[in-house]
Amino acid sequence: MSEHSHQTRMASRKAVIDAKIAQATEERGVLILLKGNGKGKSSSAFGTMARSAGHGKRCAVIQFVKGRRETGEYKFFKDHPLIDWHVMGHGFTWETQDKQQDQAAAQKAWQLAEELLCDDRYDLLVFDELSYMIKYGYLDAAPMVSSLQQRPRHQSVIITGRTMAVPLQDIADTISVVQDERHAFRLGVKAQAGIEY
Ligand code: ATP
Ligand code: MG
């Protein structure tokens with residue numbers, strides 16, 4: 001391509017982007033859904049949280065699935081003055097088989113979520129793995145939708161999970177699908193601290 005035609009193309013592309021930027025004038029909180037089978041959903045959510053806290057914004061996390069071990073992100077963020085980190089009580093782990101106990105824990109965690117969704121001091125909420133609670137029938141999507149819709153206008157929410165309930169998708173502003181093209185696990189690499197947890 002000649003130097004001239006390259007410049008012409010870049011100029012017209014810039015004009016298109018500038019016009020789109022000029023149209024996007026609204027400032028408000030957004031609902032972001034991060035779904036799919038690939039690796040990168042929770043780490044993206046916590047990366048965005050670091051971004052927010054870096055700008056002095058108050059954040060909270062609720063982890064709806066309790067893993068076996070303390071994650072690096074928990075250890076790193078738990079003492080940050082702008083970040084409140086909640087791990088769902090006794091409930092759901094991949095090991096438990098007690099559905100009633102899991103459901104009670106899920107409901108308690110969602111009660112907390114509702115409190116945070118009413119609290120205008122928070123700028124960003126991360127509901128990690130919330131989608132599993134719907135998938136396994138522990139929580140209903142409908143009341144979630146109304147709480148999410150009634151949250152403070154400036155408040156953003158990120159929800160992660162491999163599959164997302166349609167009612168949540170219907171009200172989301174941003175939906176990203178993390179696709180699983182390859183994962184080191186299938187190459188025989190074990191879950192490593194600092195990469196997987
Ligand atoms: P991450 O926390 O690394 O961003 P994730 O939130 O996208 O991952 P989850 O579905 O929450 O992924 O899975 C939790 C754990 O499983 C993480 O340790 C993650 O690295 C790992 N994992 C994610 N995708 C895959 C996959 N396709 N195969 C195997 N392990 C995976
Ligand atoms: Mg995750």
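Buried means under 20% relative accessible area, exposed means over 50%, and partly exposed lies in between (1.4 Å probe, protein chains only). Keep that scale at hand for every close-up below.

This is a predicted model, in which local features need pLDDT of at least 70 and side-chain atom pairs count only at pLDDT 80 or more, while totals for chains, interfaces and linings use all residues. Residues are numbered from 1 along each chain as its sequence is written, chains are lettered from A and ligands numbered from 1 in the order in which they are written, and side-chain values use heavy atoms, with hydrogens and water left out.

**View 1. Ser-147 in helix α6.**
Look for Ser-147 in helix α6, which covers residues 141-149. (Helices are DSSP runs of H or I with at least four residues, strands are runs of E with at least two, and both are numbered from the N terminus.) Ser-147 has 14% relative accessibility and so counts as buried. Setting aside neighbours within four places in sequence, Ser-147 is in contact with Trp-110, Glu-114 and Leu-117; contact here means heavy atoms within 4.5 Å.

Beyond residues up to four places away in sequence, Leu-31 touches several others, among them Leu-148, Val-157, Ile-159 and Leu-168.

**View 2. Thr-160 in strand β5.**
Thr-160 belongs to strand β5, residues 156-160. With a relative accessible area of 0%, Thr-160 is buried. Follow its side chain and you will find that it reaches the backbone nitrogen of Glu-129 at 2.9 Å. Leaving out neighbours within four places in sequence, the residues in contact with Thr-160 include Leu-34, Lys-41, Phe-127 and Glu-129.

**View 3. Cys-59 and Cys-118.**
A disulfide is a pair of cysteine sulfur atoms within 2.5 Å, and by this rule the count is 0. Cys-59 is in no disulfide, as the nearest cysteine sulfur, that of Cys-118, is 18 Å away. Is Cys-59 buried or exposed? At 0% relative accessibility, Cys-59 counts as buried, whereas Cys-118, at 66%, counts as exposed.

Definitions and conventions:
Polar contact = N/O pair within 3.5 Å; in protein donor to acceptor, adjacent residues only side chain to side chain.
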